[in-house]
Amino acid sequence: MANLFEHIGVEKERLQFSWISSAEAGKFTNVATEVANTIEALGPIDKFVKKTD
Amino acid sequence: MDSLTQKIRETASNILKEGKVEMVIGFAKGTIPMTTKPYMARTPEQTENFIWDKNCTLNLANYITGRKEKIGIIAKGCDSRNIVNHIVENKISRDQLYIIGVPCSGMADKNNPDELRDNCATCTHKNPVIFDVMVAEPVEEQKLDDPFADVKAIEAMDKDAKWSYFEGLLQNCIRCYACRNACPLCYCPTCFVDESGPQWVGKGQNKTDIQTFHFLRAFHCAGRCTDCGACEAACPMDIHVRAFTRKLNKDSLELFGWEAGLDITKRPPLDTFNPDDPNDFIK
Amino acid sequence: MAEDKKTKVVSFLCNWCSYGAADLAGVSRMQYPENIRVIRIPCTGRVTPKFILSAFREGADGVWVSG
């Protein structure tokens, strides 16, 4: 799905997947930070958002 | 009348007479020139209405979903692949079908009758992959150096160019859902666009809703699309809706080595788990 | 909390895996960014493209699916 996203011009990094077990709190915080930073770096989205005007 | 039409009528009328099937699905002449319509013949006399020409653009596999009777169906290469899809997805059983294979040399573009339509020009499965009887000798399959040249052209654009390309593509969409209705893959009892609780997609002409519809419609065809072109043939606004599904076809070929509807014994890649499946995208 | 980060990441976390990890992270007082907005789901297998597109449609800047 991420590939199709990229194909139509939405950054595929906006969609992230991961596998974290319930015992991996450390991995969770690492991945959460990483994901948040990636999205933060991309900035707010302007595509696919329903504009109500 | 050409020999294919003659042969189709003969075969269809024979199997109806012999009682092998209760009806035969094929093409009949449309109400305006250069068109055809799907036609179901239930008596040997009705088979006289069948025709075969360059305008049989719809996909007849669309009409066998969930049927209970024994059906004879006329199948060109792509119809036969969609019939395989239907069998694999348990929408009909192989025993119910009597498939009349027609080797296809490509259908005409609806706006430019002298040329082949896009998907036929890049077709590599002109002959039916599954059939009970063939009405003619198989035609030669073409070998393409680069079947996905059009997809690669879009991939080469930068993200804003891509976005504006797809925005332009969909700006004429009137949400008639003809592409969905013509598609043999779209047989859900309730389509996600018609669901109202929760409502996934708005009903109006909002740009985002149109994009969401097309994106999801295409994604539902991932690993199943046979590139039969029925969606484009049905579109009244001439939108190149295959731009989405072509990308997914390319991906399933590259990631899973899969082309839809070639073998009734194989499950589609998104339906199975294999430890070797590509999983680079998971952290 | 101050709205210093403008982006929002909608996170679909599996009850038994990542949600448990998020819980453990909370109990262990580990820090993670506040723009992660968690939706707990019974199983990641139920996440469909519709969920993801709905999230984007309603204004998410990113979606994170974690099982």
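## Chains C and A

Between chain C and chain A the count is 0 salt bridges, a salt bridge being a side-chain nitrogen of Lys or Arg within 4 Å of a carboxyl oxygen of Asp or Glu. Even so, 33 residues of chain C are in contact with 31 residues of chain A, where contact means heavy atoms within 4.5 Å. The two chains bury about 2600 Å² between them, with carbon and sulfur atoms giving 70% of that area. Buried area here is the accessible area (1.4 Å probe) that two parts lose on being put together, summed over both.

A word on conventions before going further. This is a predicted model, in which local features need pLDDT of at least 70 and side-chain atom pairs count only at pLDDT 80 or more, while totals for chains, interfaces and linings use all residues. Residues are numbered from 1 along each chain as its sequence is written, chains are lettered from A and ligands numbered from 1 in the order in which they are written, and side-chain values use heavy atoms, with hydrogens and water left out.

## Chains B and C

Now for chain B and its contacts with chain C: 12 residues of chain B touch 6 residues of chain C. Together the pair buries about 770 Å², 72% of it on carbon and sulfur atoms. On the chain B side, B:Trp200, B:Thr212 and B:Leu216 lose the most area to chain C, together 58% of what that side buries.

B:Glu195 pairs with C:Lys50, with the closest N and O atoms 3.7 Å apart.

## Two domains in chain B

Chain B is divided into domain 1 (3-134) and domain 2 (149-271), with bounds that come from an automatic or database domain assignment. Their C-alpha centres lie 23 Å apart, and 26 residues of domain 1 are in contact with 28 residues of domain 2. The area buried between these domains is about 2200 Å², 49% of it on carbon and sulfur atoms. B:Arg81, B:Val88 and B:Lys110 supply 24% of the area that domain 1 buries against domain 2, more than any other three residues.

The two domains of chain B have 2 salt bridges between them. B:Lys110 also meets B:Asp238 in a salt bridge (3.0 Å, N to O).

## The second largest pocket

How much space lies in the second largest pocket? The volume is about 570 Å³, taken as the space filled by probe spheres set on grid points joined across faces, edges and corners. On a 1 Å grid over the protein atoms alone, a pocket is an open set of points where a 1.4 Å probe fits, with protein on both sides within 12 Å along at least five of seven lines; lining residues have an atom within 4 Å of a point. Of the 25 lining residues, B:Thr57, B:Asp109, B:Lys110, B:Glu232 and B:Ala233 are the closest to the pocket centre.

Domain 1 and domain 2 of chain B each give at least three residues to this lining. Strand S2 (36-41), helix H3 (118-121) and helix H8 (230-234) of chain B each supply at least two, and H8(B) gives the most, with 3 residues. Helices (H or I, at least four residues) and strands (E, at least two) are DSSP runs, numbered from the N terminus.
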